[in-house]
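Colleague: Hi! Could you walk me through this structure in plain words?
Modeller: Happy to, let's bring it up.

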Amino acid sequence: MTGAHALVDERQNQLLRQYEVEIKARFDEIETTLKDILLQRGQNGFIGWANQQLYAKLGVTLTDQDWQAGLNMQFQTGFQELYAKTLFAQFLRMSQEFFNNDPLAGQRTQEAEQLFREAGFHAVGIAPCADGRLAHIVSYVLRLPYAAVRRKAHAGSLFDISESVRNWVFIEHTRFRDGKPNSADEPTRYLKIAVYHFSKADPTHQGCAAHGSDDQKAAQAALQKLQDFRQAIENRFGCGSTVQTILLGLNTDDDSMKVHIPDGNGEIDLQRYVETDQLYQATMDLSEDEANELLQTAISSCNQLMRASAPQPEVMKLIRWLISNNFSQIAYVNQYENGCYSDLGHAERFIGIGNGFEEVQLRNLTYYSFLDTVEEGVNDVDVGIKIFKGLNIKRLLPIPIIIRCDYDGRVPGSKDRAKAKALRIEKALHSRYQELAASGLLQTMATLRDFTDSKPAELVAKEMDSALKRRTA
């Protein structure tokens, strides 16, 4: 283990590690705990005893109806049903603790928002790949408070241009109308960050599945999306509406990054980048001021070597800050994972689809994809199903899918519309993957959340439960 790095927050690393270990253990112990409990299914008063055991070991309970439904099924099918119910209960518990207790300090946005503002940006959108190895991109890899940025994940980082433009319009309208987050006459911009990923340890197998583990294709596709988004804004609203874009490549082996340095016009070249693991080593024995100065020089030199103009000063400041933040994550992986994750590939615990999921900030906890309808996001969902056929189906575990539809509690009817949408998505999932659903190997839970406040996810009663249980009995 190397010595302390001047730009590494070791105390934060300890807190983040404690949270990661605790939360993942709650999900990973479900299978063994349930199987042990079900060995005693014939004893008198089993349901009450089972709930006591479940709570003692996992901190959650199931309803008597859930237990009875599982016990009335053939053993394996019943186990699959109870496994999913327990996992869903763990998610709801995690959501409640996340928003009520703020364990990652994600609601403390003032410092980050001030740094973004000083760097010339009034809002930030991050578009990572849906791959669970990027689910921690905000709170861990970049060390940003989740409430300070907007994260929407898509397979292959292929975010929806039209949806992103609509969000930009909403943000700018709020600035003009209400002066939030700052006045429209302030010379700040919207920042869009796309994150592709790769694996140095196993590049041909553990890269981005959506691009066939072809790193060049993954990077080029993410860059093209950024260029299309920027062009869409300029074409529709004029050149004065230029947004800033940044492209990051995440090495999922160790959470180090390729940071593609824009030139003075904001243009990005895939061959023009710095690597944070190399910069981490180069700054290891320097003071904080010396380390920051070296980062500044490295960013400038990167463009000079490629005969490109230097990035704008505010962009330079932002990139230096993000790199220094990433140093803490590099140290985290060095200390707790011996410099490289043991789970180089997929190890997600469930699929999350819809919007929101701010409470998911852990690597390989969730395959998360933003979508409005299954039809529009079908490619992303298909990738997730394929992944979980390898992770769960081969172990006779069901594929758990959590649906999230956020609503605006200030708007009349918003919650009802979100509920209808969530149930519509749920029904479409069971229709598309009918064979898995009929065998009990596809289990879903619909949830809602009021995004205007720090409130946890709310369970939607599944109106299709009775039909599903008849099919899986």
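Modeller: Let me start with the second largest pocket: α12 gives the largest share of its lining, seven residues. Keep in mind that this is a predicted model.

Colleague: Which other elements supply at least two residues of that lining?
Modeller: Besides α12 (313-337), α1 (10-28), α6 and α11 (288-305) each supply at least two.

Colleague: And what is the volume of the second largest pocket?
Modeller: The volume is about 840 Å³. It is lined by 27 residues, and the closest to its centre are Gln-12, Glu-111, Arg-143, Trp-321 and Asn-325. By class, that lining has 13 nonpolar, six polar and eight charged residues.

Colleague: OK, now the largest pocket. What volume does it have?
Modeller: About 1,800 Å³. Its lining counts 44 residues, with Arg-150, Asn-167, Phe-170, Glu-358 and Phe-451 the closest to the centre.

Colleague: How many charged residues are in the lining of the largest pocket?
Modeller: There are 17 charged residues, along with 18 nonpolar and nine polar ones.

Colleague: Let's switch to the sheet. In what order do the strands sit?
Modeller: Six strands form an open sheet, in the order β2-β1-β3-β4-β5-β6, and the pairing is mixed. β2 and β6 (273-275) stand at the edges with a single partner strand each, so one side of each has no neighbour in the sheet.

Colleague: Remind me, how do strands pair?
Modeller: Strands of a sheet pair through backbone hydrogen bonds, and they can run parallel or antiparallel.

Colleague: So what are the partners of β4, and which way do they run?
Modeller: β3 (residues 189-198) runs parallel to β4, and eight bridges join the two. In that pair, Ala-194 stands opposite Leu-247 in β4. β5 (residues 257-260) runs antiparallel to β4 (residues 244-251), with four bridges between them. Over there, Leu-248 of β4 stands opposite Val-259 in β5.

Colleague: Is β4 buried or exposed?
Modeller: Buried: eight of its eight residues are. In a regular strand, side chains alternate between the two faces of the sheet. Here Gln-244, Ile-246, Leu-248 and Leu-250 point one way, while Thr-245, Leu-247, Gly-249 and Asn-251 point the other way, and all are buried.

Colleague: Last one: what does the whole chain look like?
Modeller: The protein chain has 16 helices and eleven strands. Its C-alpha trace spans about 75 × 55 × 40 Å along the principal axes. Of its 473 residues, 58% count as buried. The radius of gyration is 23 Å, which agrees with the value near 23 Å for a compact globule with 473 residues.

Key
Residues are numbered from 1 along each chain as its sequence is written. This is a predicted model: local features need pLDDT of at least 70, side-chain atom pairs count only at pLDDT 80 or more; totals for chains, interfaces and linings use all residues. Side-chain values use heavy atoms; hydrogens and water are left out. On a 1 Å grid over the protein atoms alone, a cavity is a set of points where a 1.4 Å probe fits but cannot get out, and a pocket is an open set with protein on both sides within 12 Å along at least five of seven lines; lining residues have an atom within 4 Å of a point. Grid points are joined across faces, edges and corners, and a volume is the space filled by probe spheres set on the points. Ala, Val, Leu, Ile, Met, Phe, Trp, Tyr, Cys and Pro count as nonpolar, Asp, Glu, Lys and Arg as charged, and the others, Gly among them, as polar. Two strands pair if DSSP finds at least two bridges between them. The radius of gyration is taken over C-alpha atoms; the globule rule is 2.2 Å times the number of residues to the power 0.38. Buried means under 20% relative accessible area, exposed over 50%, partly exposed in between (1.4 Å probe, protein chains only).
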